[in-house]
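Please read it alongside the coordinates.

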Amino acid sequence: VISHDGWPGEEESEYVSIEPNTLVWELARKVNLHRGEKPEEGTPEVRLETKMAALDAAFVALEEPGADDDVTRETVRKALVEADADLKDPALGQFLELVVALNATWRITTAWDGRHDAQTSTMIRALAVWDCGPLGYWIREQPEEPILPGQVGPDSALVLVKSDSAEVWEKITDLLPDRDELIDEA
């Protein structure tokens, strides 16, 4: 098992050999997966839907230094409203808080040789997550990974679903192929 560590747009990257029996633990370490509070049973799913243009506008607004946190939040709010007129409170306020609290976004893509329609084929599974610190983990359902160059534009949907570390752990384990999905070269 080989892990490719690199940042998008940077030429330098590192390929690291990983023992297969430690793979899930290594992936969780690389993305700094940490325990959080468990959600209460029966808690309704929380989904936020907007467009990529709103996210881009929020990031641009965050680059403009505000006199204080309230000024920064108001600048981001105005940018969000201008970028996506359909984004209304309470979703607008919640999306604003997520963007401001965003610690990191990460994605994991797994690829292996498998079979599809009786042909040898590269099989791929992927996961994209926002780590929003005290606001928890949010799984990015759209745009769906893996994203190909030119596939996402300003009008593309952005859908985030509230999650927790246990669910993220489970989704990381689901990225790995089952034994029957691997080509047996023996």
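A contact, as the word is used here, means heavy atoms within 4.5 Å. Helices (DSSP runs of H or I, at least four residues) and strands (runs of E, at least two residues) are numbered from the N terminus. This is a predicted model, in which local features need pLDDT of at least 70 and side-chain atom pairs count only at pLDDT 80 or more, while totals for chains, interfaces and linings use all residues. Residues are numbered from 1 along each chain as its sequence is written, and side-chain values use heavy atoms, with hydrogens and water left out.

**Overall architecture**

The protein chain contains five helices and seven strands, which follow one another from the N terminus in the order β-β-α-β-α-α-α-β-β-β-β-α. Along its principal axes, the C-alpha trace spans about 65 × 40 × 35 Å. Among contacts between residues at least 6 apart in sequence, 60% join residues at least 24 apart. The accessible surface (Shrake-Rupley method, 1.4 Å probe, with only the protein chains shown counting as cover for residues) comes to about 12,500 Å², of which 49% belongs to carbon and sulfur atoms. Of the 186 residues, 32% count as buried, where buried means under 20% relative accessible area, exposed means over 50%, and partly exposed lies in between (1.4 Å probe, protein chains only).

The chain carries 17 positive and 40 negative charges, whose mean positions are 3 Å apart. For this count Lys and Arg are positive and Asp and Glu negative, with His and the chain ends not counted, and each charge is placed at NZ of Lys, CZ of Arg, CG of Asp or CD of Glu.

**Helix α1 and its cover**

In helix α1, which comprises residues 23–30, Leu23, Val24, Glu26, Leu27 and Ala28 are buried. The cover over the buried residues of α1 includes β4 (104–116) and α5 (165–174). Just after α1, Asn32 takes a positive phi of about 60°.

**Salt bridges**

The structure holds eight salt bridges, each defined as a side-chain nitrogen of Lys or Arg within 4 Å of a carboxyl oxygen of Asp or Glu.

Glu45, Arg47, Glu49 and Glu141 are linked in a network of salt bridges.

Arg77 counts as partly exposed at 23% relative accessibility.

**A nonpolar surface patch**

Phe59, Leu62 and Val100 make a nonpolar surface patch of about 200 Å². Patches are made of residues with over 30% relative accessible area and no salt bridge, with like charges joined within 9 Å and nonpolar side chains (Val, Leu, Ile, Met, Phe, Trp, Tyr) within 5 Å. Val100 is found in helix α4, residues 91–101, and counts as partly exposed at 30% relative accessibility.
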